[in-house]
Amino acid sequence: MSLTANTRGALFMVVAMAGFTCNDALVKSVTHSMNAGQILFIRGLMTSVLVLGIAAWMGAICSWRVLVQPAVLLRLVAEIVASLAYVSALGAMPLANTSAILQSLPLAVTLGAALFLGETVGWRRWAAILAGFVGVLIVIRPGPEGFSLAAIYVVASVVGAAARDLSTRRISSDVPSIFISAATAIAITLVGGALVVPLGGWQPMTPETFARLAGASVLLLVGYQTIVNAMRIGEISFIAPFRYTSLIWAMTIGFLAFGEVPDFWMAVGVAIIVASGLYAFSRENIRKRVPLAQQSKPESP
């Protein structure tokens, strides 16, 4: 039985979220033995080789002058900030918590589009954004002394990822996506290498540690490719909610691999983030359907 475009897109999204979350788990498992700079360097080096090979095979290698375009340059910087902050957060917070906070990314992108791109956002979506960020605060639960360093890391990763997604919208469609991915992987690798010494120096690796980072590199590539397929095949309003399957993966892996048990307030925060995100998706879908319905409405005689 052939699957519909939306069904195939949803399956791709589920696979993408599994790939990203398993990558996060493998990275988290080595944060105790090396610093974030070394992790980004080693994983990035392997990812760069893989992505560059695919780009060359596809004939998608562009002039490196493309990288000085403002939108491309901003995307590279934002991706570096997001990656460094998120790897740092993984070493200091439970996997399910970091994953839950990252689910506020669509709301952050909507907020950024309204503030910096001039997109219209109605009061209902503003309410959803506010509710989603309340959910983030519940997950983080800052103490009397304020936000912990780990919380700052994961929030910084959301801000960086939102800036990355917004800047991507400004990149010319003539620039191949795989080339941008290759340039991003190389940039992260170089920055990671530069940060190894400032963050504590190079640590020797066991074959098991190297194998985990190699697996993380492959899973990261799988996540990137399948999420692109998901967004291109199906309707975004149908596909996007399946990104929340990453929470199932994160909670399951966190419990089985790291002995992490989400508490009541963690569950409350996750529920608010997911509910606000789903509501925002539904409002966006309605907003897009209304003009189409008006255009197709028969004119009065």
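Helices here are DSSP runs of at least four residues, numbered from the N terminus. The model shown in every view is predicted.

**View A. The second largest pocket and its helical lining.**
About 460 Å³ of space lies in the second largest pocket. It has 24 lining residues, and those closest to its centre are Ala 108, Val 158, Val 159, Ala 162 and Ala 163. Four helices each supply at least two lining residues: H3 (70-90), H5 (105-116), H6 (123-140) and H7 (149-168). H7 gives the largest share, seven residues. By residue type, the lining holds 20 nonpolar, three polar and one charged.

**View B. Helix H4, an enclosed segment.**
Helix H4 covers residues 95-102. Seven of its eight residues are buried, so the helix is largely enclosed by the rest of the structure.

The unreviewed UniProt entry lists several stretches as "transmembrane region", including 72-94, 100-118 and 147-166. In the model, residues 209-228 are 100% helix and 0% strand. The end C-alpha atoms of that span lie 29 Å apart. Residues 240-258 are 74% helix and 0% strand. Here the end C-alpha atoms are 28 Å apart.

**View D. The salt bridge between Glu 260 and Lys 28.**
Five salt bridges occur in the structure. In one of them, Glu 260 pairs with Lys 28, with the closest N and O atoms 3.8 Å apart. The two residues are 232 residues apart in the chain. Glu 260 sits in the loop between helix H11 (245-258) and helix H12 (264-296), while Lys 28 belongs to helix H1 (residues 5-28). Glu 260 has 15% relative accessibility, so it counts as buried. Lys 28 has 11%, so it is buried too.

**View E. The salt bridge between Arg 164 and Glu 79.**
Arg 164 and Glu 79 meet through their side chains in a salt bridge, at 3.2 Å from N to O. This pair links distant parts of the chain, 85 residues apart: Arg 164 is in helix H7 and Glu 79 in helix H3. Arg 164 counts as buried because its relative accessibility is 15%. Glu 79 is buried as well, with a relative accessible area of 3%.

**View F. The salt bridge between Arg 141 and Asp 263.**
The side chains of Arg 141 and Asp 263 form a salt bridge, with an N to O distance of 2.9 Å. Arg 141 lies in the loop between H6 and H7, and Asp 263 in the loop between H11 and H12. The pair therefore ties together parts that are 122 residues apart in sequence. Arg 141 is partly exposed, with a relative accessible area of 36%. Asp 263 is at 35% relative accessibility and also counts as partly exposed.

**View G. A salt-bridge network.**
Salt bridges that share partners join Glu 79, Arg 164 and Asp 165 into one network.

Conventions
Residues are numbered from 1 along each chain as its sequence is written. This is a predicted model: local features need pLDDT of at least 70, side-chain atom pairs count only at pLDDT 80 or more; totals for chains, interfaces and linings use all residues. Side-chain values use heavy atoms; hydrogens and water are left out. On a 1 Å grid over the protein atoms alone, a cavity is a set of points where a 1.4 Å probe fits but cannot get out, and a pocket is an open set with protein on both sides within 12 Å along at least five of seven lines; lining residues have an atom within 4 Å of a point. Grid points are joined across faces, edges and corners, and a volume is the space filled by probe spheres set on the points. Ala, Val, Leu, Ile, Met, Phe, Trp, Tyr, Cys and Pro count as nonpolar, Asp, Glu, Lys and Arg as charged, and the others, Gly among them, as polar. UniProt positions are given in the numbering used here, feature names are shortened, and annotations may be inferred rather than shown by experiment. Buried means under 20% relative accessible area, exposed over 50%, partly exposed in between (1.4 Å probe, protein chains only). A salt bridge is a side-chain nitrogen of Lys or Arg within 4 Å of a carboxyl oxygen of Asp or Glu.
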